[in-house]
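Subject: Structure handover

Hello,

Here is the structure you are taking over. My notes on what was found in it follow below.

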Amino acid sequence: MLREMLRAKVHRATVTETNVNYEGSLTLDASLMKAAGMLPYERVDVYNADSGARFSTYLIIGKPGSGEVCVNGAAALLAKPGDRVIIASYAALEPAEIASHHPTVVLVDGANRILEIRHDIVAGTRLPM
(Lines give C-alpha, C1' and ligand atoms only; values in the text may rest on other atoms or scores of the structure.)
Protein backbone atom coordinates (compact mmCIF):
# COMPACT_ATOMS: atom_id res chain seq x y z
CA MET A 1 0.00 0.00 0.00
CA LEU A 2 1.34 3.42 -0.94
CA ARG A 3 1.13 6.30 1.51
CA GLU A 4 0.90 9.98 0.58
CA MET A 5 3.69 11.85 2.36
CA LEU A 6 4.82 15.47 2.28
CA ARG A 7 7.61 15.68 -0.30
CA ALA A 8 8.39 19.40 -0.20
CA LYS A 9 6.99 22.74 0.81
CA VAL A 10 7.70 26.43 0.48
CA HIS A 11 6.71 27.71 3.89
CA ARG A 12 4.90 31.03 4.39
CA ALA A 13 5.62 32.58 1.01
CA THR A 14 4.02 35.97 0.46
CA VAL A 15 1.49 36.26 -2.37
CA THR A 16 2.74 38.99 -4.71
CA GLU A 17 -0.19 39.07 -7.15
CA THR A 18 -3.53 37.50 -7.97
CA ASN A 19 -5.04 37.25 -11.45
CA VAL A 20 -8.57 35.85 -11.68
CA ASN A 21 -8.61 36.23 -15.48
CA TYR A 22 -5.70 33.85 -16.00
CA GLU A 23 -6.70 30.30 -17.00
CA GLY A 24 -5.45 28.81 -13.75
CA SER A 25 -2.49 27.69 -11.68
CA LEU A 26 0.11 29.27 -9.42
CA THR A 27 3.11 31.09 -10.86
CA LEU A 28 6.14 30.53 -8.61
CA ASP A 29 9.65 31.98 -8.73
CA ALA A 30 11.84 29.36 -10.47
CA SER A 31 14.45 29.67 -7.69
CA LEU A 32 11.88 28.59 -5.10
CA MET A 33 10.72 25.75 -7.33
CA LYS A 34 14.30 24.53 -7.76
CA ALA A 35 15.05 24.77 -4.03
CA ALA A 36 11.97 22.66 -3.25
CA GLY A 37 12.55 20.26 -6.14
CA MET A 38 9.20 21.24 -7.65
CA LEU A 39 8.52 21.10 -11.38
CA PRO A 40 6.34 23.08 -13.79
CA TYR A 41 2.82 21.61 -13.99
CA GLU A 42 3.31 19.66 -10.74
CA ARG A 43 0.21 19.50 -8.58
CA VAL A 44 0.48 21.41 -5.33
CA ASP A 45 -1.78 22.15 -2.41
CA VAL A 46 -1.82 25.73 -1.19
CA TYR A 47 -2.72 26.65 2.39
CA ASN A 48 -3.46 30.32 3.07
CA ALA A 49 -2.08 31.02 6.57
CA ASP A 50 -3.99 34.30 6.77
CA SER A 51 -7.49 33.30 5.63
CA GLY A 52 -7.47 29.53 6.19
CA ALA A 53 -8.42 28.88 2.56
CA ARG A 54 -7.00 25.71 0.98
CA PHE A 55 -6.88 24.72 -2.67
CA SER A 56 -5.09 22.48 -5.14
CA THR A 57 -3.57 23.71 -8.38
CA TYR A 58 -0.46 23.24 -10.51
CA LEU A 59 2.75 25.23 -10.87
CA ILE A 60 3.88 27.51 -13.66
CA ILE A 61 7.49 28.62 -13.62
CA GLY A 62 8.14 32.26 -12.76
CA LYS A 63 11.22 34.40 -13.33
CA PRO A 64 14.18 33.21 -11.20
CA GLY A 65 14.92 35.51 -8.28
CA SER A 66 11.74 37.53 -8.78
CA GLY A 67 10.04 36.40 -5.57
CA GLU A 68 6.91 35.91 -7.66
CA VAL A 69 4.01 34.03 -6.06
CA CYS A 70 0.97 34.74 -8.24
CA VAL A 71 -2.31 32.93 -7.58
CA ASN A 72 -4.20 32.63 -10.86
CA GLY A 73 -7.68 31.70 -12.07
CA ALA A 74 -10.51 30.87 -9.70
CA ALA A 75 -8.01 30.32 -6.85
CA ALA A 76 -7.23 34.05 -7.05
CA LEU A 77 -10.49 34.53 -5.12
CA LEU A 78 -8.93 32.60 -2.21
CA ALA A 79 -5.87 34.83 -1.72
CA LYS A 80 -4.79 38.43 -1.96
CA PRO A 81 -1.40 40.12 -2.28
CA GLY A 82 0.35 40.05 1.08
CA ASP A 83 -1.23 36.79 2.24
CA ARG A 84 1.20 34.18 3.52
CA VAL A 85 0.80 30.75 1.95
CA ILE A 86 2.30 27.30 2.29
CA ILE A 87 2.86 25.56 -1.05
CA ALA A 88 3.12 21.79 -0.58
CA SER A 89 3.70 18.80 -2.84
CA TYR A 90 3.29 15.18 -1.89
CA ALA A 91 4.66 11.82 -3.03
CA ALA A 92 3.25 8.30 -2.85
CA LEU A 93 5.80 6.17 -0.99
CA GLU A 94 6.14 2.46 -0.43
CA PRO A 95 6.24 1.46 3.27
CA ALA A 96 9.96 0.64 2.98
CA GLU A 97 10.70 4.20 1.79
CA ILE A 98 8.96 6.00 4.64
CA ALA A 99 11.55 5.58 7.41
CA SER A 100 14.29 7.24 5.36
CA HIS A 101 12.07 9.94 3.83
CA HIS A 102 12.71 13.56 4.80
CA PRO A 103 10.71 16.33 3.15
CA THR A 104 12.40 19.44 1.78
CA VAL A 105 11.28 22.59 3.61
CA VAL A 106 12.12 25.95 2.04
CA LEU A 107 11.82 28.82 4.49
CA VAL A 108 11.51 32.30 2.97
CA ASP A 109 11.44 35.89 4.16
CA GLY A 110 8.70 38.46 3.44
CA ALA A 111 10.14 39.10 -0.04
CA ASN A 112 10.19 35.36 -0.84
CA ARG A 113 13.97 35.13 -0.65
CA ILE A 114 15.29 31.81 0.61
CA LEU A 115 16.37 31.95 4.25
CA GLU A 116 16.99 28.26 4.79
CA ILE A 117 16.44 24.86 3.23
CA ARG A 118 15.77 22.05 5.70
CA HIS A 119 15.04 18.39 5.41
CA ASP A 120 13.07 17.95 8.57
CA ILE A 121 10.12 19.44 10.36
CA VAL A 122 10.58 20.20 14.02
CA ALA A 123 7.37 19.84 16.02
CA GLY A 124 6.47 22.92 17.99
CA THR A 125 8.81 25.22 16.07
CA ARG A 126 7.48 28.76 15.95
CA LEU A 127 8.52 30.90 13.04
CA PRO A 128 8.95 34.67 13.22
CA MET A 129 5.90 36.63 12.06
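**Salt bridges**

Lysine 80 and aspartate 83 form a salt bridge, with 2.9 Å between the closest N and O atoms. The term salt bridge stands for a side-chain nitrogen of Lys or Arg within 4 Å of a carboxyl oxygen of Asp or Glu. Before going on: this is a predicted model, in which local features need pLDDT of at least 70 and side-chain atom pairs count only at pLDDT 80 or more, while totals for chains, interfaces and linings use all residues. Residues are numbered from 1 along each chain as its sequence is written, and side-chain values use heavy atoms, with hydrogens and water left out.

Lysine 80 is exposed, at a relative accessible area of 51%, whereas aspartate 83 is buried, at 4%. Here buried means under 20% relative accessible area, exposed means over 50%, and partly exposed is in between (1.4 Å probe, protein chains only).

The structure holds five salt bridges. One of them joins arginine 84 to aspartate 50, with the closest N and O atoms 2.5 Å apart. This pair links distant parts of the chain: arginine 84 belongs to strand 7, aspartate 50 to the loop between strand 4 and strand 5 (54–62), and 34 residues separate them. Helices (H or I, at least four residues) and strands (E, at least two) are DSSP runs, numbered from the N terminus. Arginine 84 is partly exposed, with 22% relative accessibility, and aspartate 50 is also partly exposed, with 36%.

Arginine 113 and aspartate 109 also meet through their side chains in a salt bridge, at 3.0 Å from N to O. Arginine 113 counts as exposed because its relative accessibility is 53%. Aspartate 109, at 18%, counts as buried.

In what order do the nine strands of the open sheet stand? The order is 2-6-3-5-4-7-1-8-9, and the pairing is mixed. Strand 2 (17–19) and strand 9 (114–118) are at the edges; each has a single partner strand, so one side of each has no neighbour in the sheet. From one strand to the next, the twist averages 25 degrees. For that angle, axes are lines fitted to C-alpha atoms (for helices over the stretch in contact), and angles run from 0 to 180 degrees between N-to-C directions.

Two strands are taken to pair if DSSP finds at least two bridges between them.

Strand 1 (residues 3–14) runs antiparallel to strand 7 (residues 84–93), and nine bridges join the two. Within this pairing, leucine 6 is opposite tyrosine 90 of strand 7. Strand 7 is also antiparallel to strand 4 (residues 43–48), with four bridges between them. There, asparagine 48 has valine 85 of strand 7 as its bridge partner. Strand 1 pairs with strand 8 (residues 104–108) as well, in the parallel sense, over four bridges.

**Histidine 11**

Histidine 11 is part of strand 1 and stands opposite leucine 107 in strand 8. The C-alpha atoms of histidine 11 and valine 108 are 6.7 Å apart in space, although the two residues are 97 apart in sequence. Is histidine 11 buried or exposed? Histidine 11 is buried, with a relative accessible area of 13%. Its side chain makes a polar contact of 3.2 Å with the side chain of lysine 9. A polar contact is a pair of N or O atoms within 3.5 Å; within protein, one must be able to donate a hydrogen and the other to accept it, and residues adjacent in sequence count only if both atoms are side-chain atoms.

**Two loop residues with positive phi**

Most residues other than glycine have a negative phi. Tyrosine 41 has a positive phi, near 75 degrees. Tyrosine 41 is in the loop between helix 1 (30–36) and strand 4, and is exposed, with 65% relative accessibility.

Asparagine 112 also has a positive phi, near 65 degrees. Asparagine 112 lies in the loop between strand 8 and strand 9 and is buried, with a relative accessible area of 3%.

Regards
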